[in-house]
Amino acid sequence: MDPEQRSRVGFPALVALLLAALWASAGYQAWAERQQVLAAKDVELARRVVAVQEQTLRLLKLTEAAVITATRWVQEHPNAYPGQDPALIELVADLRRLSDDAIDLRLVDAQGGVHVVPSLSRQPVADISDYEYFRVQLDPATRGLFLSDPAMSPVDQRWVLAM
């Protein structure tokens, strides 16, 4: 083979080799950039998880404080009907407002009847006597603060976590 033929055969091979190296370099750059974006997204997601955990904890603490306050109010006013008392109605309204309507206080009687605040009637609006979060309150060993699994509210058909 003469030198001119070799250069004709060698030139396309050299171009193909350079193109392959260029594509490999571009592919590596794209992969490395993707890895950096994924790592940044992982950090951002971890920060959001922490923020949601903190907000949820604060919301649960606010709920616990409201339950304790409402329980004390009911104990201190044994002859008042909570759903029609202006002081408790104001307490529940403040709780709703402070939680952006994420928290709602409902009263449950000993038979599992649910009473809303405010209420025009003294009749329960729903029955939760077969719900786990009511049944645990009947047993002194499990009575107290209890966080339910998500359930459909029998009052307004919204998903709730009952405490």
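**Exercise 1.** What radius of gyration does the chain have, and what value would a compact globule of 163 residues have?

*Solution.* The structure is a predicted model, in which local features need pLDDT of at least 70, side-chain atom pairs count only at pLDDT 80 or more, and totals for chains, interfaces and linings use all residues. Residues are numbered from 1 along each chain as its sequence is written, and side-chain values use heavy atoms, with hydrogens and water left out. The radius of gyration is taken over C-alpha atoms, and the globule rule is 2.2 Å times the number of residues to the power 0.38. For 163 residues a compact globule would have a value near 15 Å, whereas the chain has 32 Å. The C-alpha trace spans about 115 × 30 × 30 Å along its principal axes.

**Exercise 2.** Is S153 buried or exposed, and which residues does S153 touch?

*Solution.* First, S153 is located in the loop between β4 (151–152) and β5 (159–160). Buried means under 20% relative accessible area, exposed over 50%, and partly exposed in between (1.4 Å probe, protein chains only). With a relative accessible area of 4%, S153 is buried. Next, contact means heavy atoms within 4.5 Å. Not counting residues up to four places away in sequence, S153 touches R106, R158 and V160. Finally, a polar atom of the S153 side chain lies 3.1 Å from the backbone nitrogen of V155.

**Exercise 3.** Classify the ring pair of Y28 and W31.

*Solution.* Rings of Phe, Tyr and Trp (its six-membered ring) pair if their centres lie within 6.5 Å; planes under 30 degrees apart count as stacked, over 60 as edge-to-face and the rest as tilted. The count comes to two aromatic pairs. The centres of Y28 and W31 are 6.0 Å apart and the planes stand at 35°, so the pair is tilted. Y28 and W31 are three residues apart in helix α1 (residues 3–76), separated by about one helical turn.

Notes: Helices (H or I, at least four residues) and strands (E, at least two) are DSSP runs, numbered from the N terminus. A polar contact is a pair of N or O atoms within 3.5 Å; within protein, one must be able to donate a hydrogen and the other to accept it, and residues adjacent in sequence count only if both atoms are side-chain atoms.
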